[in-house]
Amino acid sequence: MPVQVQKLCKTFQIPHERRTTLFENLTAFLRPNHYETITVLQDISFSVEEGESVGIIGDNGSGKSTLLKIIANILRPTTGQVKVSGRLTPFLELGVGFQPDLSVRENVGIYATIMGLPAKEIGRRMGDILDFAELRRFEDAKLKNLSSGMQVRLAFSTAIQTDPDILLVDEVLAVGDMDFQKKCFEVFERYKKDNVTIIFVSHDLAAVRRFCDKTLLLSNGRQVEFGGTNGVIDKYIYKEEHQINQIGEKKTRWGNKRIEILGVKFIDKNGKESDKFLSGDPFLARIYYEAHEPITSPIFGIVFYNQETYCYGTTTKFKKIDMGHVIGKGHVDFFLERLPLLEGTFQVTVALAPSDYKFAFDFHDRLYSFQVLRVNEDLGLFDMDGKWSWEKYG
Amino acid sequence: MRFHHLDDLWAGRDLIIKLAWSDFKLRYKNSVLGFFWSLLEPLLMLLVLYIVFSNLMRVQVEYYQLFLLLGIIMWNFLDRGTSMSTQGIVGKPSLVQKVYFPRDILIISTCLTALMMTLLELVVFVAFMVIFRITPSISILYFPLIFSLHFLIILGLSLGLSALNVYFRDVQFIWRLVLQVGFFATPVIYPISIFPTDLQGLVMLNPVARVLTMLRNCTLYQISPTTGEMAYLTLSAIVVLLLGYFIFERLEPKFAEAI
């Protein structure tokens, strides 16, 4: 087991009055300093299998980075223990130990050594590193004469030359332009293929979903959930919705239920129930109902949301469908030949109303959700299926 | 447990050398005269002290120039090594907070940088020996041994001071004062013989005073150290090193929080 965390607690003592010198400590000897103990992590236990990628998610201040630093042995647990077996490389910040006054080549040497690459390997890979960073021409220039973009590139191409057993990645890496992020993920994919164990802290749920087998959800330093990524992320999102419900007392279901929605299933191209769909695949939402009394021409409606964004809504009435008299159980299908969504988690509202929309029989406000995974490199919520063409005038 | 730590340090030897060497280079990189600055400083001091002491105060010491030069070089080693080390942890926050390796590597490498600077100065000393036609006897073989023990004393002091300075930032200033007093309380510029005999014993309790005297004896005056002297120096070096290491090890876990 590469990483094992057992009953880990971490507290920081924050003095009300910070005394950093001996003089201050001596003069303040008679006035006791009050410390405030802040619990940053409480009772965290989980373990990571070899070759697994684990995401750590949670709000700001939930203790994600502290946990990562404890695993990296930079901070020490207050109680509990962390066992790490194997060579661990933390990517908490790029370019640790860079010296602006030394040359590019020398800096690669220092940084690679800090990251744990043996001296002879550095010599062997120096060319690769400089080529990958596209800085071969500047190898003898002083680091301070490079642009910050070049420095990041240099640090990154050096850092990825390490061969760790365990890799810790902090959010910080996710800053940078799209191109750089893409490069990062390509490298992580490569590490993953090489069976490197990866622990990844991020706010980017889409990235965690795409990349991590398991996820740990932290909230105010407590472990809320550890398990399969999709379940944990759902829990994180639902918890947020739950909070909205409490604060705004927003109801998620209402109606007189003379005709009731029993449930909704999302069915994929293989005819199986699923909550994950590939962009562009067929999509079917099957709404099961039960009418407790005869109803004439009920209207079924469906709405797709992405968080607070209302993406698309339609009803059977909009589509000129009249179901006539309805009694007992049955189902209504909403079918898309090509799911035009690109990527993300979508919430679904399903509603049943009489033909004049005067009230609701049964309204399920965003009670269902499914995910869409993209299959191409396009970006955004929707797959508009755009095509490029050109004509040259010269 | 301790031996386990030595394994870690051995695994980090590349890093120790790399950090020490780059720091050494950085110290001279931006100056026109480069390495010569490091030679100029002790030579200038030698000149001033020599003029003052040999002419005005009439110190009667054989080879006083070399006596003085060796004293200054060795005292500088202690001064530099420990002063640089007080910044060894607090001056490198990203190496402490963003990455992990045994943190005494930072201090060992700082002391190695000081060692490199001292070795450079010793080249000048050797040149002076040639100029003054001093032929060393077999007793000079003790030099590397005594010098190594001096290094261990500096390393021990550095470990303790660097760790304390993380929590109490005025340790660096207090240590400067201690060094200034020490410069005059240790036989750097004068021979131990200026003290009355009973006071000599007291001054010689200071292991650095022993180092200076023994190094001069074996290089300039063909006197080998006695077993007693060697034993005292070895013992005190080990005590200082262990004490420094103990303080460092106790304070190290919270470096990243307190820095």
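## Two helices in chain B

In this predicted model, helix α4 (residues 64-86) of chain B packs against helix α7 (residues 142-167) of chain B at an angle of about 25 degrees. Angles under 35 degrees count as roughly parallel, and α4(B) and α7(B) are therefore roughly parallel to each other. Their axes lie 8 Å apart. The crossing of α4(B) and α7(B) is right-handed.

Which residues of α4(B) and α7(B) make the contact? From α4(B) come B:Met74, B:Phe77, B:Leu78, B:Gly81, B:Thr82, B:Ser85 and B:Thr86. From α7(B) come B:His150, B:Ile154, B:Leu157, B:Ser158, B:Leu161, B:Ser162 and B:Asn165. Sorted by class, the contact of α4(B) with α7(B) has 8 polar and 6 nonpolar residues, and no charged ones.

## Two helices in chain A

Two packed helices are described by the angle between their axes and the distance between the axes. For α3(A) and helix α5 (residues 148-159) of chain A, the angle is about 45 degrees and the distance is 10 Å. α3(A) and α5(A) are therefore oblique to each other. They cross in a right-handed sense.

On the α3(A) side, the contact uses A:Val104, A:Val108, A:Tyr111 and A:Ala112. On the α5(A) side, A:Leu154, A:Ala155 and A:Thr158 take part. The residues of this contact divide into 6 nonpolar and 1 polar, with no charged residue.

## Where chain A meets chain B

How many residues of chain A are in contact with chain B? There are 26 of them, and they touch 22 residues of chain B. Two helices of chain A, α1 (22-27) and α3 (104-114), each supply at least two residues of this side of chain A. The largest share, 5 residues, comes from α3(A). By class, the side of chain A that touches chain B has 14 nonpolar, 8 polar and 4 charged residues.

## Two domains in chain A

Chain A is divided into domain 1 (3-236) and domain 2 (253-373). The C-alpha centres of the two domains lie 44 Å apart.

## Strand β18 and its partners

Strand β18 (residues 362-373) of chain A pairs with strand β10 (residues 253-254) of chain A through 2 bridges. These two strands run antiparallel. Here A:Trp254 stands opposite A:Phe363.

Strand β17 (residues 344-353) of chain A also runs antiparallel to β18(A), joined by 8 bridges. Within that pairing, A:Val348 stands opposite A:Tyr368. Strand β12 (residues 276-278) of chain A runs parallel to β18(A), and 3 bridges join them. A:Lys276 stands opposite A:Gln371 in β18(A).

## A three-strand sheet

Chain A also has an open sheet of 3 strands in the order β11-β13-β16, with antiparallel pairing. Which strands stand at the edges? They are β11 (259-267) and β16 (325-336). Each has a single partner strand, so one side of each is left without a neighbour in the sheet. The twist averages 15 degrees from one strand to the next.

Strand β13 (residues 283-296) of chain A pairs with β16(A) over 11 bridges, in the antiparallel sense. One pair of bridge partners is A:Ile295 and A:Val326, the latter in β16(A). In a regular strand the side chains alternate between the two faces of the sheet.

Conventions
Residues are numbered from 1 along each chain as its sequence is written. Chains are lettered from A and ligands numbered from 1 in the order in which they are written. This is a predicted model: local features need pLDDT of at least 70, side-chain atom pairs count only at pLDDT 80 or more; totals for chains, interfaces and linings use all residues. Two residues are in contact if their C-beta atoms, placed from the backbone, lie within 7 Å. Helices (H or I, at least four residues) and strands (E, at least two) are DSSP runs, numbered from the N terminus. Ala, Val, Leu, Ile, Met, Phe, Trp, Tyr, Cys and Pro count as nonpolar, Asp, Glu, Lys and Arg as charged, and the others, Gly among them, as polar. Domain bounds come from an automatic or database domain assignment. Two strands pair if DSSP finds at least two bridges between them. Axes are lines fitted to C-alpha atoms, for helices over the stretch in contact, and angles run from 0 to 180 degrees between N-to-C directions. Angles under 35 degrees count as roughly parallel, over 145 as roughly antiparallel, 65 to 115 as roughly perpendicular and the rest as oblique. A crossing is left-handed if the near helix is turned anticlockwise from the far one by less than a right angle, and right-handed if clockwise.
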